[in-house]
Amino acid sequence: MLEITNNNDSEFLKFSLHNGEYAISTRNIKAVSEISSITHIPDKPNYIKGCMDFNGTDIPLIDFRRLFGIIESDDLIESKVIIIESKTRDKKTMILGAIVDKVKEIANIPLNQIESTTLMGLNLRSDFIKGICECNRSLLLIIDVNDLFSADELTLPDRERNDIR
């Protein structure tokens with residue numbers, strides 16, 4: 001497992017999904033991990049793959065391909081889990097795992113190079129796309145993981161939590 005610490009607003013972890021490149025601020029990332037044993041969670045949205053153990057705590061596991069409406073792949077050879085700390089819509093701090101196809105690198109992207117997708121005439125979801133920029137001759141969508149979910153969407157009731165162990 002790779003642990004990540006950052007005090008720099010312009011550092012982003014680049015990752016890929018299908019043919020696209022994305023990035024998340026390293027301020028929101030705790031670690032990058034291999035996919036471990038996944039426990040199924042009943043009656044949750046299809047983008048919630050299940051939960052997994054992270055340092056002794058069960059965390060929800062989000063399939064970013066499903067969340068972003070990208071065709072699924074059975075090829076998980078290079079897939080990783082990005083462990084993210086985010087603020088929910090109801091302002092609670094939450095730890096979750098995001099399954100991505102491949103983790104690329106940490107890139108320094110000056111904030112003034114990130115353009116609003118609405119200013120570019122793109123009609124992309126503003127609830128999690130912070131902006132877009134060019135990085136090493138490719139377009140990079142910057143993902144804002146804060147306010148992406150409500151705490152209720154990602155929390156197991158105690159009864160269900162005990163039943164699945």
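**View 1. Aromatic pairs in the predicted model.** Two rings of Phe, Tyr or Trp (taking the six-membered ring of Trp) make a pair if their centres lie within 6.5 Å; planes under 30 degrees apart are called stacked, over 60 edge-to-face, and the rest tilted. With that rule, the structure has four aromatic pairs. One of them brings together phenylalanine 15 and phenylalanine 64, with ring centres 6.0 Å apart and planes at 50°, so this pair is tilted. Phenylalanine 15 sits in strand S2 (residues 11-17) and phenylalanine 64 in helix H1 (residues 64-67), so the pair links distant parts of the chain, 49 residues apart. Helices here are DSSP runs of H or I with at least four residues, and strands are runs of E with at least two, both numbered from the N terminus. A note on the source: this is a predicted model in which local features need pLDDT of at least 70 and side-chain atom pairs count only at pLDDT 80 or more, while totals for chains, interfaces and linings use all residues. Residues are numbered from 1 along each chain as its sequence is written, and side-chain values use heavy atoms, with hydrogens and water left out.

**View 2. Phenylalanine 64 and its other partner.** Buried means under 20% relative accessible area, exposed means over 50%, and partly exposed is what falls in between (1.4 Å probe, protein chains only). Phenylalanine 64 is buried, at a relative accessible area of 1%. Phenylalanine 64 also pairs with phenylalanine 68, again tilted, at 4.9 Å centre to centre and 40° between the planes. Phenylalanine 68 is buried as well.

View 3. Side chains of opposite charge can pair when their charged atoms come close. A salt bridge here is a side-chain nitrogen of Lys or Arg within 4 Å of a carboxyl oxygen of Asp or Glu, and the count comes to nine. In this view, lysine 30 meets glutamate 85 at 3.9 Å, N to O. Lysine 30 belongs to strand S4 (residues 29-33) and glutamate 85 to strand S7 (residues 80-87), so the bridge ties together parts 55 residues apart in sequence. Lysine 30 is partly exposed at 34% relative accessibility, and glutamate 85 is partly exposed at 32%.

**View 4. Arginine 66 with aspartate 63.** These two form a salt bridge whose closest N and O atoms are 3.8 Å apart. Arginine 66 is partly exposed, with a relative accessible area of 25%, whereas aspartate 63 is buried at 7%.

View 5. The side chains of glutamate 78 and lysine 102 form a salt bridge of 3.5 Å, N to O. Glutamate 78 is in the loop between H1 and S7 and lysine 102 is in strand S9 (residues 102-108), so parts 24 residues apart in sequence get tied together. Glutamate 78 is partly exposed at 45%, as is lysine 102 at 34%. Serine 79 is found in the loop between H1 and S7 and is buried, with a relative accessible area of 4%. Setting aside neighbours within four places in sequence, serine 79 is in contact (heavy atoms within 4.5 Å) with Ile35, Val100 and Asp101.

**View 6. A salt-bridge network.** Lys14, Glu21, Lys104 and Glu105 are joined in a network of salt bridges.
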